[in-house]
Amino acid sequence: MKQSDISKRLALELQLSPNDANEIIKQLLGAIRGALMEGEKVYLPPLGTFELRYFLPKNGRHPQTGEPIEIAGYNQPSFRPSPALKKALNR
């Protein structure tokens, strides 16, 4: 399912124009992105939790030369589904 499909469904269920529904989705995704950029967890009870996970820097090797290199640490967004979502999907 794509964002356009979600906005169409939202527009039908809430009796909105497709443009208004699409704008609501953009605002929601922007709010989630902004919270993650500030280091906050985003907890949506019926869905799950969005959070950042930090991976420490580590040493590696260049695959062609075998030369040691340092791989920088980085943040990775992650999603953990809620127990309610897991239960609903496994009925």
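Two strands are taken as paired if DSSP finds at least two bridges between them. Helices (H or I, at least four residues) and strands (E, at least two) are DSSP runs, numbered from the N terminus. The structure is a predicted model, in which local features need pLDDT of at least 70 and side-chain atom pairs count only at pLDDT 80 or more, while totals for chains, interfaces and linings use all residues. Residues are numbered from 1 along each chain as its sequence is written, and side-chain values use heavy atoms, with hydrogens and water left out.

In β5, Asn75 is the bridge partner of Tyr54. Strand β2 (residues 48-55) and β5 run antiparallel and are joined by 8 bridges. Both strands belong to an open sheet of 3 strands with antiparallel pairing, in the order β1-β2-β5. Its edge strands, β1 (42-44) and β5 (74-81), each pair on one side only. From one strand to the next the twist averages 25°; axes are lines fitted to C-alpha atoms, for helices over the stretch in contact, and angles run from 0 to 180 degrees between N-to-C directions. Helix α2 (residues 18-37) packs on this sheet and touches β1 and β2, its direction making about 35° with that of β2. Contact here means heavy atoms within 4.5 Å.

Thr49 lies in strand β2. With a relative accessible area of 11%, Thr49 is buried (buried means under 20% relative accessible area, exposed over 50%, partly exposed in between, with a 1.4 Å probe and protein chains only). Not counting residues up to four places away in sequence, Thr49 touches Lys41, Val42, Tyr43, Ser78, Phe79 and Arg80.

Ala21, in helix α2, is also buried, and its relative accessible area is 0%. Its contacts, leaving aside neighbours within four places in sequence, are Ser7, Leu10, Ala11 and Leu16. The C-alpha atoms of Ala21 and Ala84 are separated by 26 Å, the two residues being 63 residues apart along the chain.

Helix α1 (residues 3-14) has 12 residues, which at 1.5 Å a residue should span 16 Å; the end C-alpha atoms are 16 Å apart, in agreement. The expected span is 1.5 Å times one less than the number of residues. Gln15 follows α1 and has a positive phi, near 55°.

A further antiparallel pair is formed by strand β3 (residues 58-61) and strand β4 (residues 68-71), over 4 bridges. Lys58 has Ile71 in β4 as its bridge partner. The two strands β3 and β4 form a hairpin with 6 residues between them, and Gly66 in the turn has a positive phi of about 75°.
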